[in-house]
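Dear colleague,

Please find below the structure that I am handing over to you, with its sequence. My findings follow directly after it.

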Protein chains: 2
Amino acid sequence: MVKVPTRDRLIEAASNRFYRDGFRNVGIDQILTDVGISKTAFYKHFESKDDLLLAALDEKGDWLYSMCQKVVWERGGPTPEGQLRSIFDLVDMFLDDEKFHGCFFVRAAMEFPLPQEPVFQAAARNKMTVEVFITQLARNCGVEQPEDLSRKLCLIIEGAYVTRHVTQNRDTKRMTRELADMIIAEALDSRSAEPTA
Amino acid sequence: MVKVPTRDRLIEAASNRFYRDGFRNVGIDQILTDVGISKTAFYKHFESKDDLLLAALDEKGDWLYSMCQKVVWERGGPTPEGQLRSIFDLVDMFLDDEKFHGCFFVRAAMEFPLPQEPVFQAAARNKMTVEVFITQLARNCGVEQPEDLSRKLCLIIEGAYVTRHVTQNRDTKRMTRELADMIIAEALDSRSAEPTA
DNA sequence: ACTTCTGGTTGACTCGTGGTACACCTATGA
DNA sequence: TCATAGGTGTACCACGAGTCAACCAGAAGT
């Protein structure tokens with residue numbers, strides 16, 4: 001029973017509420033009562049509510065990155081293809097979650113839609129980290145254009161998250177998997193077809 | 001020089017500002033000065049700011065639907081395949097627009113993320129209208145599962161919008177077209193391969 | 001000519017929320 | 001012993017949504 005720092009508890013509570021209800025729909029007071037501290041105390045940990053969101057985004061970014069590594073390690077198997085495909089085990093898991101409400105980063109970017117906003121940039125940065133990770137997996141497969149494959153897979157993933165969120169359609173999971181398989185298969189095919197064009 | 005009703009001018013101004021800056025980042029006063037009326041006058045046209053957003057969403061929904069019909073008519077050509085593909089001419093156009101900031105409906109749904117919210121439902125409804133339209137185009141192509149094809153294409157389109165918005169990547173357009181072509185080709189292939197399985 | 005409806009005006013007001021200022025308390029560790 | 005980190009409470013400000021009361025001008029109906 002180690003005592004977890006107040007700052008971390010604030011990030012945790014904020015993460016949950018912001019993700020479920022949306023940043024602008026959550027009052028600071030709600031988070032304060034969740035954690036059980038006063039407003040003055042809060043402002044000794046964070047400069048502003050925006051600052052708290054920034055911290056929550058980066059924290060979720062780190063978590064997501066470690067989840068990606070974990071799933072590749074635990075379910076990717078020995079082949080690069082299997083490792084690339086295993087990312088979609090993680091996507092499946094998200095899409096299946098009852099409490100799924102879309103991608104946290106995209107949600108944040110939508111509430112701060114101007115590219116010069118720090119929140120927008122934090123969201124984009126964290127998305128990019130995942131894209132780079134997937135690019136490396138694609139490269140390991142020896143495909144011709146790993147960046148292109150990675151970006152297409154990320155596009156599918158974004159589309160899946162949005163679709164699942166706004167249509168509430170459970171079938172999104174199957175469609176996403178089919179699309180991913182198709183794209184990966186095509187990339188692997190053109191690899192063997194044109195060796196170092 | 002017909003005088004356009006104040007209500008319509010409010011919807012127009014709100015549409016622009018809400019889309020560019022986000023609903024919560026726009027004060028009613030900004031819209032009022034855009035249009036040049038007072039606050040009291042505004043509340044004789046709309047019950048609330050939310051109500052104004054609802055009207056703006058439905059207006060954009062009608063506009064989008066008519067744009068879909070127009071592009072199919074003007075650029076779809078004689079074949080059902082060409083008509084289905086022509087939808088992506090419209091998508092290209094959006095992705096090329098300097099002032100593109102993602103899908104208005106998705107943006108709205110992200111700011112009101114709970115499914116019971118009227119704004120969320122309006123966004124979902126307008127998305128669904130497009131999906132149904134594309135399903136009909138797919139059906140005309142004689143593919144086995146037109147709903148499945150339509151949903152996959154919509155998923156790609158959502159993904160493209162989000163990707164273009166958060167990564168600012170101009171290459172999204174090409175990738176989207178490639179993905180769409182691949183999916184459509186696959187659906188058409190399996191049609192000729194298994195005639196009424 | 002008089003009334004009524006539509007769409008508009010001004011100004012003062014409430015209420016919720018982000019954020020600040022000030023004074024004070026308590027435990028810990030150099 | 002003294003500073004610092006983390007905490008309390010209360011009062012306060014600014015801003016944005018939304019309300020209310022009173023008033024006004026033009027078009028239309030009879």
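In this predicted model, the residue of chain A that comes closest to the rotation axis relating the two copies is A:Gly159, with its C-alpha at 1.8 Å. Chain A is superposed on chain B by a rotation of 180 degrees with 0.0 Å of shift along that axis, and the RMSD is 0.0 Å. The two copies are thus related as by a two-fold rotation axis.

As to the contact between the chains, 32 residues of chain A are in contact with 32 residues of chain B. On the side of chain A that touches chain B, at least two residues each are supplied by helix 6 (104–111), helix 7 (118–140), helix 8 (146–167) and helix 9 (172–193) of chain A. Helix 8 of chain A gives the most to this side, namely 12 residues. By class, the side comprises 16 nonpolar, seven polar and nine charged residues. The copies meet through the same surface, because 100% of the interface residues of chain A are also interface residues in chain B.

Two or more residues of the surface near DNA strand C come from each of helix 2 (28–35), helix 3 (39–45) and helix 4 (49–75) of chain A, and from helix 3 (39–42) of chain B. Helix 3 of chain A provides the largest share, three residues. Sorted by class, the surface near DNA strand C has six polar, five charged and four nonpolar residues.

With kind regards

Note on methods. Residues are numbered from 1 along each chain as its sequence is written. Chains are lettered from A and ligands numbered from 1 in the order in which they are written. This is a predicted model: local features need pLDDT of at least 70, side-chain atom pairs count only at pLDDT 80 or more; totals for chains, interfaces and linings use all residues. Copies are superposed by least squares on the C-alpha atoms of residues with pLDDT of at least 70 in both. Two residues are in contact if their C-beta atoms, placed from the backbone, lie within 7 Å. Helices (H or I, at least four residues) and strands (E, at least two) are DSSP runs, numbered from the N terminus. Ala, Val, Leu, Ile, Met, Phe, Trp, Tyr, Cys and Pro count as nonpolar, Asp, Glu, Lys and Arg as charged, and the others, Gly among them, as polar.
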